[in-house]
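Here is a friendly tour of one protein chain, with the cut-offs spelled out along the way. Have the viewer open and follow along.

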Amino acid sequence: MSSLVVNGILIIITVEKENNTYKQMKVLIFSAKDFEIPYLEQANRGKHKFLFVKEALSSQTAMKVIGYDAISIFSADEACFNTIEKLRDFGVKYIALRSVGFDNVNIKTATRLYIRVANVPEYSPYAIAEHAAGLLLAVNRKLIESNRRVKHFNFNINNLVGFDLNNKTVGIIGTGKIGAVMTKIMHGFGCHILGYDIKQNVELVTNYNLRYTTLKKLCELADIISIHMPLNRETHQLINEDLISEMKQGVVIINTARGAVINTKDVIEGIKNGKIGALGMDVFENEKGIFFSDHSLNIPDDNLLLALNAKPNVLITGHHAFLTDEALTNIAETTIYNLDCWEAGKETENELTKIDNTTQTL
């Protein structure tokens, strides 16, 4: 309301504002990392009300969600049966994953309790595949050890012998989006490519000479094995003692998929007896509660991790293969897109749960 005086007469001007019926969704972001917060805020553009917490979601931290419509979680968060029941009781209707993998979420329970769950099905296959290639180059050419020596002005190059990638046979276990990029990279090095997957990629066969075979035959023939499969009931500890026994002596294994795809104990034994010549991994079977935090003053009491870290032919990175500007941008934008769809009462194509819109409203 405003006023003005015309010829000594006070005139009151009333302007009726447009009724704003927009309801801002309140979202609790679990496991928020300093590096990802700016990306999420940029993608959000103030549309949803965010609270960032460093704690991971678990049955113990679920109470934090009281008063929130939705939560966003990362791969280290735990959305098991008990946790999801608590989320439902505390009023949460939506779970937006900031990851491709969803093995940490009980999808059946979420569906039964009408809690929608969506992931980021693709953010940057290049980030993961390029990291896998980097691990391979580093363990093969012993770059970490060479740099360690040079840091101490030791320029002795004994015991730094590697091998040419050219003309070597690389087995790609899982030829989805990430495995396909890894295939192209290895083809560029002049490698022979073997592939194993339940679904074949014709483009890789036609353009990159990939040859599909059985898992057993792949292990028998490959000089290098790169793993790009999701974690599920069929792939849990897929790389075990039996399969390792079929591999070439001195095989190099690269794992940027999920830690539990390999049986770590069996792999350590393979390293000890020389069957496995080198191991590069961005994931670890028992990484929950260890990765994404600084434990330098309180070394984790995990015998498997300690054994791996003690091996000079093992290179471990802390689950940061996804950590590129492009990937973080895509993760943030897809996460916000999923929230936007739910706020508008629409289903997002990224949903992992199938719930009728009539059963749930914001």
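## Cysteines

Cys219 is buried, with a relative accessible area of 0%; buried stands for under 20% relative accessible area, exposed for over 50% and partly exposed for what is in between, using a 1.4 Å probe and protein chains only. Cys341 is buried too, at 4%. The coordinates come from a predicted model, where local features need pLDDT of at least 70, side-chain atom pairs count only at pLDDT 80 or more, and totals for chains, interfaces and linings use all residues. Residues are numbered from 1 along each chain as its sequence is written, and side-chain values use heavy atoms, with hydrogens and water left out.

How many disulfides does the structure hold? The count is 0, where a disulfide is a pair of cysteine sulfur atoms within 2.5 Å. Cys219 is in no disulfide, and its nearest cysteine sulfur, that of Cys191, is 17 Å away.

## The chain as a whole

The protein chain has 362 residues, of which 47% count as buried. Its secondary structure comes to 12 helices and 14 strands; these are DSSP runs numbered from the N terminus, with helices (H or I) of at least four residues and strands (E) of at least two. Along the principal axes, the C-alpha atoms fill a box of roughly 100 × 50 × 45 Å.

An unreviewed UniProt entry lists residues 27-351 as "domain: D-isomer specific 2-hydroxyacid dehydrogenase catalytic". UniProt positions are given in the numbering used here, feature names are shortened, and annotations may be inferred rather than shown by experiment. That span is 35% helix and 15% strand, and its end C-alpha atoms lie 17 Å apart.

## The parallel sheet

Seven strands form an open sheet with parallel pairing, in the order S10-S9-S8-S11-S12-S13-S14; two strands pair if DSSP finds at least two bridges between them. Strand S10 (211-212) and S14 are at the edges with a single partner strand each, so one side of each has no neighbour in the sheet.

Strand S12 (residues 251-255) runs parallel to S13, and 5 bridges join them. Ile253 stands opposite Leu279 in S13, and Asn255 stands opposite Met281 in S13. Because 5 of the 6 residues of S13 are buried, this strand is largely enclosed by the rest of the structure.

## The second largest pocket

Strands S13 (276-281) and S14 (314-316) each supply at least two residues of the lining of the second largest pocket, as do helices H4 (125-140) and H5 (143-151). On a 1 Å grid over the protein atoms alone, a pocket is an open set of points where a 1.4 Å probe fits, with protein on both sides within 12 Å along at least five of seven lines; lining residues have an atom within 4 Å of a point.

The volume of this pocket is about 410 Å³, taken as the space filled by probe spheres set on the points, which are joined across faces, edges and corners. Which of its 23 lining residues lie nearest the centre? They are Val139, Lys142, Pro312, Asn313 and Val314. The lining divides into 12 nonpolar, 7 polar and 4 charged residues; Ala, Val, Leu, Ile, Met, Phe, Trp, Tyr, Cys and Pro count as nonpolar, Asp, Glu, Lys and Arg as charged, and the others, Gly among them, as polar.

## Two positive phi angles

Most residues other than glycine have a negative phi. Asn159, in the loop between H5 and strand S8 (169-173), has a positive phi near 65° and counts as exposed at 67% relative accessibility. Gln237, in the loop between strand S11 (224-227) and helix H9 (241-245), has a positive phi near 50° and is partly exposed, at 23%.
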